[in-house]
Amino acid sequence: MRHLIALCILLCPLGLFAALTPSATVSREYVDVVQARVDGKYAVIRHKTGKKELLSVSSLRPANLDWFRQIQAADPLKKGNSSVKIVNKTTPTRKPKNTIVTSKVEDGIETVQLCAPNVFRNQIGGTCMLYARVHWMDIAGYYVNNGTIYKSINGAPPDNPWSSPNYESGLITIITNHAPMPITHDALSYGDNFAWARQQLRQGRPILASLPSEIWQALPSGYLAERQWSGGKVGHQIVVNGFTHNPKTGEGTFHVVNTWEELPEFDLKIKDARRGILVFEKSASPFGQVPDDAEQERLAKELKVLSVSLLRSAGSYNLYKVVTNQGDRRIMAVDAYSAQRIVEEQE
C-alpha cells in the first residue's frame with residue numbers, strides 16, 4: 001500500500017501535465033514547453049528538446065504567460081545556484097590608464113616622466129601635426145590605428161599636407177572620434193606656462209606642444225637637413241611627456257617625444273626653451289581620469305570643437321562650418337585648423 005502511495009505521488013505531476021493542453025492563442029514556439037518557472041520579472045522555460053530560455057515577463061503575451069504558469073503548477077523548473085549579472089554596456093570595460101612612470105625628488109631635483117607611446121611613429125613628409133597628435137593620444141590611452149592615419153594623409157601633398165581637406169579634418173577627428181572623447185586642457189595664455197606644464201605632467205597628462213621656426217636652435221643641424229614641417233607660427237609639432245626641475249636654480253629640462261625615426265626622443269633644456277623655442281598648446285587627461293568637481297564644472301561650460309567641414313571656397317579663404325558643443329558656427333579661414341583655432345580663441 002505504501003509503495004502505491006509513493007508511486008501515485010511520483011506520477012501525480014506527470015498526470016497533471018498530461019492533462020494540460022495549450023490554448024489556440026499560445027504562440028507556436030511555446031507549445032512544446034514542459035517545465036517553467038515564473039517570477040515577477042522573468043520566466044525560465046524548458047522545451048521538450050531540453051533547450052532553456054530566459055524571457056522577460058513584460059514581453060510576454062497574456063496567453064503565453066498563463067500557459068507558463070499552468071506548466072509551473074504541474075512541473076516547476078527548479079532554480080539553480082547560478083546568478084545573472086547584468087552589465088551596463090555603456091560602462092567602459094577598460095581600466096583607467098596610469099601614465100606616470102617616474103615621480104620623485106632627489107637632491108632637490110624633481111623628475112616626472114610619463115610613459116612613451118606604444119608605437120613610435122615616423123612622420124611622412126610634413127605631417128608632424130597629425131603624427132604628434134597620434135603620439136599624444138597614444139600616451140593618454142586613446143589609440144589610433146594605421147587605417148585612421150592613412151585615411152587622413154592619403155592624397156595630401158607631402159610638402160604641403162595642410163592644403164588637403166582630409167588632412168585638416170584629420171587633425172580634429174583624430175581626437176574627437178574617440179569614445180569617450182578625450183578631456184583636453186588649454187595652456188594658459190598668460191603667466192608662466194612652464195609652471196602650468198609641470199603641473200599637468202604631475203597629473204599624468206601629456207602635452208601637445210610645438211617648436212616654432214627657431215627649431216634649428218634646439219637640434220643638431222644634421223637632423224634638419226632632410227626634414228620638413230609646417231613652418232611659420234606652428235613650426236614643428238611635438239609632445240612633451242616629462243621634465244626635470246631644480247626650483248632653486250631654475251634649471252631643468254622638458255622631455256620631448258618626436259615624430260622622426262632618427263630622433264624619437266630628446267631633452268630640451270629650460271634655458272633654451274625660454275628663448276621661445278617651446279610653445280605649449282594643450283594637455284590631455286589619461287583615459288579614465290576623473291576630473292574634480294571644480295574642473296567638471298569648468299569643462300561643462302567650456303566650448304569644445306566637435307567637427308569642421310568645408311562649405312565653399314571664396315577666393316583665398318574658405319567658408320567652414322564648425323560644430324561645437326554649444327552650437328554651430330560659420331567661419332571664414334584659410335584652412336580648417338585655422339577655423340577651429342578662431343572659434344576657440346573667440347571663446
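Modeller: What follows goes through the sheet and its helix, then the cores, a hairpin and the cysteines. The model is predicted.

The part you ask about is an open sheet of three strands, in the order β1-β2-β3, with antiparallel pairing. At its edges stand β1 (33-38) and β3 (52-56); each has a single partner strand, so one side of each lacks a neighbour in the sheet. From one strand to the next the twist averages 20°. Five bridges hold β1 to strand β2 (residues 42-47) in the antiparallel sense. Within this pair, Gln35 is opposite Arg46 of β2.

Helix α2 lies across β1, β2 and β3, and runs at about 95° to β1. Which residues of α2 are buried? They are Ala63, Asn64, Leu65, Trp67, Phe68, Ile71 and Ala74.

Next comes the nonpolar packing. The largest nonpolar core has 26 residues, of which Leu130, Trp136, Ile149, Tyr167 and Val239 touch the most other members. At least two residues of this core come from each of α3 (128-140), α4 (146-153) and α5 (165-176). The helix that gives the most is α3, with ten residues. A second, separate core has 24 residues, including Ile207, Phe243, Val256 and Ile270.

Val239 deserves a separate mention. Leaving out residues up to four places away in sequence, Val239 touches Ala132, His135, Trp136, Ile139, Pro206, Ile207, Leu208, His255, Val256 and Val257.

Strand β9 (residues 252-260) runs antiparallel to strand β10 (residues 263-269), and six bridges join them. The bridge partner of Val256 in β10 is Phe266. A hairpin of two residues connects β9 to β10.

Last, the cysteines. Cys115 is buried at a relative accessible area of 16%, and Cys128 is buried at 0%. With a disulfide taken as two cysteine sulfur atoms within 2.5 Å, the count is zero.

How values were computed:
Residues are numbered from 1 along each chain as its sequence is written. This is a predicted model: local features need pLDDT of at least 70, side-chain atom pairs count only at pLDDT 80 or more; totals for chains, interfaces and linings use all residues. Side-chain values use heavy atoms; hydrogens and water are left out. Buried means under 20% relative accessible area, exposed over 50%, partly exposed in between (1.4 Å probe, protein chains only). Helices (H or I, at least four residues) and strands (E, at least two) are DSSP runs, numbered from the N terminus. Two strands pair if DSSP finds at least two bridges between them. A nonpolar core is a set of buried Ala, Val, Leu, Ile, Met, Phe, Trp, Tyr and Cys residues joined through side-chain atoms within 4.5 Å. Contact means heavy atoms within 4.5 Å. Axes are lines fitted to C-alpha atoms, for helices over the stretch in contact, and angles run from 0 to 180 degrees between N-to-C directions.
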